[in-house]
Amino acid sequence: MTSRTVTLLDVARTAGVSKSTASDALQGSGRVAEATRDRVRAVAEELGYRPNSAARRLRRSSTGAIGLHLPQTATRLDYYMNLAFGAVARAQEEGFDVVLLAPASTVGSAGGATGPGGASGSGRATGSGGASGPVASRVDGLLVIDPEVGDNAVPGLLDAGVPVVTGERYLGPTAAPTGAVICDNAASLTALLDHVTERGARRPAVLAPAGTSAWATALRATAASWGQRHGVDVALRTVPFAATPGEAEETTLALLRADPAVDAVICAPDGAAPGVLRAAATLGRPVGPGAPRPTAGEPTPLLVASCVDGTATRSAEPPVTAVDLRPAAYGRACAELLCDILAGRTPPDTARRHAWALETRASTTAGPA
């Protein structure tokens, strides 16, 4: 059926079911046996069926869009841009557009939001952003990524009257989201600390992010608890949530000058690790366990790692060991959970886990990773 558009009736006839059963199977609604649902979906894929998004929206009184709220720093961080691309790609597979919400469009004040907010967009939600507010009328559901307790927009979004999926948990005292996709951030920092100590570090330091997101809170708490468990005094320094390489460099210089015994620096913010490398170069600290030490008086080598992988860590010299949080896949996972909840395929109050991977490179290894 390549000479004309494939219709829902074509799918139903080929699968040997009624049109209504085919519709329920494809939308994940109704009482359709799993085997029938799988058969209908397989037929639809084989025939190249594409649902009429406009008609489907009218039938379910849908706006055909979901909102995406990112931290204010998102526009200059690779992590959030890749996450957004992943979310958009998955939403489009379900026929949804994605609306990127700006601070003024998600908070109930005439002056807009203070603290972290969305990166771009237009419009404004008034009051608390409740079910009758503009946000709820413009979207079928919301994705709220790395929600901060200090973000004035978040309580209104969680109370907007539409399903909300958060990327990471929200730690504030307000309504819980409909669903969440979470990473084990304590485990990822633990893996980095274990790795650098296995590579010889005895006095690790962590440049942990400020702020009240679940990610930032978990990293600060883990640095302290790991040190207590291992009897190691982890040097903890707090840097901005989206610290620049310059800010990381300044913090690292002050740290290493005050505490020359530090032999490993784990930098949390996305893209900031090159600043740690510059600080090491300024102080004559060779990076990596295989770094040359011509004489006994040469400075102790420094191991460098990052809590977020990206272009900056992969292209650094030397390349920096980092945690790959798989942001595009994370964005897809958040959008998929929201789509599943909207379609009735998944119940509310669902939390899904997202996997990460440790990528070891020359900044902590003696040879090829």
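Analyst: Contact here means heavy atoms that lie within 4.5 Å. The model is predicted. By that cut-off Thr222 touches Ala186, Leu189 and Thr190, with residues up to four places away in sequence left out of the count.

User: Where is Thr222, and why is Thr222 called buried?

Analyst: Thr222 lies in helix 9, residues 214–230. Its relative accessible area is 5%. Buried means under 20%, so Thr222, at 5%, counts as buried.

User: What makes His195 a buried residue?

Analyst: His195 has a relative accessible area of 6%. That value is under 20%, and therefore His195 is classed as buried. His195 belongs to helix 8, residues 185–198.

User: Which residues does His195 touch, not counting those up to four places away in sequence?

Analyst: His195 touches Thr321, Leu358, Thr360, Thr364 and Thr365. For one of these, Thr364, the separation from His195 is 169 residues in sequence and 8.3 Å in space, C-alpha to C-alpha.

User: What share of the contacts in the protein chain between residues at least 6 apart in sequence join residues at least 24 apart?

Analyst: The share is 66%. The chain has 369 residues, and buried residues make up 50% of them. Its secondary structure comprises 13 helices and twelve strands.

User: Which residues of helix 1 are buried?

Analyst: Helix 1 spans residues 8–15, and its buried residues are Leu8, Asp10, Val11, Ala12 and Ala15. These buried residues pack against helix 2 (19–27) and helix 3 (34–47). After helix 1 comes Gly16, which has a positive phi, near 75°.

User: How do you know that helix 2 is roughly perpendicular to helix 3?

Analyst: The two axes come within 9 Å and cross at roughly 90°. Angles of 65 to 115 degrees count as roughly perpendicular, so helix 2 is roughly perpendicular to helix 3. On the helix 2 side the contact is made by Thr21, Ala22, Asp24, Ala25 and Leu26. On the helix 3 side, Thr36, Arg37, Val40, Arg41 and Ala44 take part. By class, the residues of this contact are five nonpolar, two polar and three charged.

User: Why is Arg41 called partly exposed?

Analyst: Arg41 has a relative accessible area of 30%. Buried needs a value under 20% and exposed a value over 50%; Arg41, at 30%, falls in between and is therefore partly exposed. Arg41 is in helix 3. Arg41 and Val11 are 30 residues apart in sequence, with 8.8 Å between their C-alpha atoms.

User: Is Glu168 buried or exposed, and how do you know?

Analyst: Glu168 is buried, because its relative accessible area of 5% is under 20%. Glu168 sits in the loop between strand 4 (164–167) and strand 5 (179–182).

User: What is the phi of Glu168?

Analyst: Phi of Glu168 is near 80°, which is positive, and the residue is not glycine. Most residues other than glycine have a negative phi.

User: What makes Asp349 count as exposed?

Analyst: The relative accessibility of Asp349 is 67%. The place of Asp349 is the loop between helix 13 (327–342) and strand 11 (350–353).

User: How do you know that the peptide bond from Glu317 to Pro318 is cis?

Analyst: Omega of the bond from Glu317 to Pro318 is near 0°. Most peptide bonds are trans. Pro318 is in the loop between helix 12 (311–314) and strand 10 (321–324).

User: How many cavities of 30 Å³ or more does the structure hold?

Analyst: There is one cavity of 30 Å³ or more. Of the 13 residues lining it, Tyr79, Tyr80, Asp146, Trp215 and Val308 are the closest to its centre.

Note on methods
Residues numbered from 1 in each chain as written. Predicted model: local features only at pLDDT ≥ 70, side-chain atom pairs only at ≥ 80, totals over all residues. Heavy atoms only, no water. Buried < 20%, exposed > 50% of the residue type's maximum accessible area, 1.4 Å probe, protein only. Helix = DSSP H or I, 4+ residues; strand = E, 2+ residues; numbered from the N terminus. Axes fitted to C-alpha atoms, helices over the stretch in contact; angles between N-to-C directions. Parallel < 35°, antiparallel > 145°, perpendicular 65-115°, else oblique. Nonpolar A, V, L, I, M, F, W, Y, C, P; charged D, E, K, R; others polar. 1 Å grid on protein atoms, 1.4 Å probe; cavity = no way out; pocket = protein on both sides within 12 Å on 5 of 7 lines; lining within 4 Å. Points joined across faces, edges and corners; volume = space filled by probe spheres on them.
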